Amino acid sequence: MAFTLYSLLQAALLVVNAVAVLHEERFLRHVGWGSDQGIGGFGEEPGIKAQLTNLIRSVRTVMRVPLIAVNSVTIVLLLLFG
């Protein structure tokens with residue numbers, strides 16, 4: 001398998017899918033990344049853990065509908081072109 005732009009985009013899609021299916025109560029709380037942890041005070045810079053938690057929550061919220069469309073297009077392309 002050659003390293004192409006399509007394979008790079010497909011790998012990125014798989015990573016975004018993996019982030020989108022992470023369940024907060026089943027997985028993230030057991031690891032210690034629940035929504036109630038990492039809340040800083042006013043004027044404090046959020047830590048890397050809080051930033052990653054916000055990124056995961058944002059991906060799950062914003063990318064839900066576009067992921068359905070992109071996954072469908074990817075499946076059709078794989079069916080047509082192998």
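At which residues does UniProt place the feature "transmembrane region"? The unreviewed entry puts this feature at residues 62-81; UniProt positions are given in the numbering used here, feature names are shortened, and annotations may be inferred rather than shown by experiment. The structure is a predicted model, in which local features need pLDDT of at least 70 and side-chain atom pairs count only at pLDDT 80 or more, while totals for chains, interfaces and linings use all residues. Residues are numbered from 1 along each chain as its sequence is written, and side-chain values use heavy atoms, with hydrogens and water left out.

The protein chain has four helices and zero strands, in the order α-α-α-α from the N terminus. Helices (H or I, at least four residues) and strands (E, at least two) are DSSP runs, numbered from the N terminus.

Over residues 62-81 the chain is 95% helix and 0% strand, with 30 Å between the end C-alpha atoms. Helix 4 covers residues 64-81, and its 18 residues should span 26 Å at 1.5 Å a residue; the end C-alpha atoms are 26 Å apart, which agrees. The expected span is 1.5 Å times one less than the number of residues. After helix 4 comes G82, with a positive phi near 75°.

Helix 3 has 15 residues and reaches 21 Å from its first C-alpha to its last, close to the 21 Å expected. Buried residues of helix 3 are A50, T53, I56, V59 and R60, where buried means under 20% relative accessible area, exposed over 50%, and partly exposed in between (1.4 Å probe, protein chains only). These buried residues pack against helix 1, helix 2 (24-31) and helix 4. K49 also lies in helix 3 (residues 48-62), but K49 counts as partly exposed because its relative accessibility is 41%.

How do helix 1 and helix 3 meet? The axes of helix 1 (residues 5-20) and helix 3 come within 8 Å and cross at roughly 100°. Axes are lines fitted to C-alpha atoms, for helices over the stretch in contact, and angles run from 0 to 180 degrees between N-to-C directions. Helix 1 is therefore roughly perpendicular to helix 3, a label for angles of 65 to 115 degrees. V16, V19 and A20 of helix 1 make the contact with I56, V59 and R60 of helix 3; contact means heavy atoms within 4.5 Å.

Of the 82 residues of the protein chain, 17% count as buried.

Note on methods: Angles under 35 degrees count as roughly parallel, over 145 as roughly antiparallel, 65 to 115 as roughly perpendicular and the rest as oblique.
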